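Subject: Structure handover

Hello,

Here is the structure you asked about. Please open it alongside this note.

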Amino acid sequence: MKGFKNVNIYVQDKGVINTSLGFNDDKISFIGEGEIEEVISLPENAVVLPGFIDQHIHGSATADTMDGTVDAISTMANSIASEGTVAFLATSMTQSNENISKAMISVKNYLDKGLDTGAELLGVHLEGPYINTEKAGAQPAEYIVNPSIEEFAHYNKLSGNNIRIVTLAPEKQNSDEFIKYLVANDIRASIGHTSAKFADVEKALALGATQITHTYNAQTPLAHREVGVVGAAYLLDDLACEIICDLIHISIPALKLLFKNKPNDKVILITDAMRAKNLGDTVSELGGQTVYVKNGEARLANGALAGSVLKLNDAVKNIINTCGVDFCTAVDYATANPAKNLGVFDRLGSISVGKDASFAIVNKNTFEVLYTIRKGKIIYKK
């Protein structure tokens with residue numbers, strides 16, 4: 001039996017308490033009293049948290065989902081373990097049918113290998129190609145198409161039926177039937193890269209859409225006669241909101257406004273990170289486009305933001321330090337909320353007996369990651 005003795009642990013339904021925890025193989029065996037043969041010693045300033053889950057990440061450490069290789073996904077998985085992330089969705093982008101197909105095949109091949117190093121791959125977030133050219137952002141507009149159930153079913157089959165989220169523009173032709181199809185197949189329809197009006201979002205929600213992709217970015221803003229996608233995010237409590245909290249994509253007042261208007265269980269921290277993450281200032285690439293990274297900002301030559309180089313532990317720290325979000329709520333945004341959204345809260349997203357022994361152990365003051373443990377195995381140690 002491995003575990004921790006008399007340390008600060010964020011325990012489901014109890015908050016941060018000083019207690020002990022034991023895990024046998026990959027599951028949590030007890031919280032409180034119990035025998036621990038192999039104690040993992042932690043400093044006084046450490047706190048044991050549920051492992052973070054990133055449902056929207058394109059790449060890290062030179063690798064990208066669209067590279068279409070098992071090695072690229074493996075590089076991502078191992079790299080993001082250093083930020084306390086124990087699970088993620090490999091996120092694609094708008095590209096040619098050939099390139100998307102190649103990326104989907106690599107996901108299936110990676111999962112078939114059953115690798116236990118690095119963060120766990122939970123599946124795919126298909127971002128595009130079913131979006132609006134008016135809000136393409138860093139997505140290559142020449143590959144944008146209308147939703148096609150037949151084409152999507154082909155992509156999903158290639159992935160081993162592992163697509164979990166699809167970002168789409170609900171105002172596009174064929175979107176209504178496409179959203180219904182996704183819902184019927186237990187796939188999350190996410191509203192993003194869109195010129196939708198409030199009525200379009202409201203209709204998509206009624207059809208079964210469940211979330212908004214990187215809220216505020218690449219979507220219609222709030223105005224007094226048309227509140228757009230951002231207004232819908234505020235008003236429609238059932239919609240979960242992805243949010244990039246690098247303090248670059250979104251201003252602090254805008255973050256505070258969203259947090260004030262959304263139920264706490266409907267905010268999901270993401271990184272939307274690309275291959276330049278963990279590389280410092282550099283020239284990189286996204287979807288065949290040159291990206292310039294400087295001072296933590298990733299931009300195309302035209303100045304458009306091209307994803308981020310954000311780490312998930314920093315996202316949690318940022319909102320605690322700048323937005324007044326309390327510690328446990330901020331952690332939930334990166335753990336319980338994405339776990340519930342992806343249907344894996346039965347084993348991930350909180351610390352409870354019987355769940356996976358998957359933890360992010362951080363310095364409670366700086367949020368520096370000390371250990372990342374996935375299913376009882378240390379996948380990162382500072």
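Below are the findings, element by element.

This is a predicted model, in which local features need pLDDT of at least 70, side-chain atom pairs count only at pLDDT 80 or more, and totals for chains, interfaces and linings use all residues. Residues are numbered from 1 along each chain as its sequence is written, and side-chain values use heavy atoms, with hydrogens and water left out.

**The sheet.** Eight strands form an open sheet with parallel pairing, in the order E6-E9-E10-E11-E12-E13-E14-E15. Helices (H or I, at least four residues) and strands (E, at least two) are DSSP runs, numbered from the N terminus. Two strands pair if DSSP finds at least two bridges between them. Strand E6 (52-57) and strand E15 (267-270) stand at the edges; each has a single partner strand, so one side of each lacks a neighbour in the sheet. Inside the order, E12 (residues 188-191) and E13 (residues 211-212) run parallel and are joined by two bridges. Ser 190 stands opposite Gln 211 in E13.

**A helix on the sheet.** Helix H2 (residues 97-113) lies across strands E9 (85-91), E10 (120-127) and E11 (163-168). H2 runs at about 165 degrees to E10. Axes are lines fitted to C-alpha atoms, for helices over the stretch in contact, and angles run from 0 to 180 degrees between N-to-C directions.

**A helix pair.** H8 (residues 312-323) and H9 (residues 327-334) have axes that come within 9 Å and cross at roughly 145 degrees. Which residues make the contact? From H8 they are Leu 312, Val 316, Ile 319 and Ile 320. From H9 they are Phe 327, Ala 330, Val 331, Tyr 333 and Ala 334. Contact means heavy atoms within 4.5 Å. By class, this contact has nine nonpolar, no polar and no charged residues. Ala, Val, Leu, Ile, Met, Phe, Trp, Tyr, Cys and Pro count as nonpolar, Asp, Glu, Lys and Arg as charged, and the others, Gly among them, as polar.

**The hairpin.** E20 (residues 369-374) and E21 (residues 377-381) pair in the antiparallel sense over four bridges. Ile 373 has Ile 378 in E21 as its bridge partner. Two residues lie between the strands of this hairpin. In the turn, Lys 375 has a positive phi of about 50 degrees.

Best wishes
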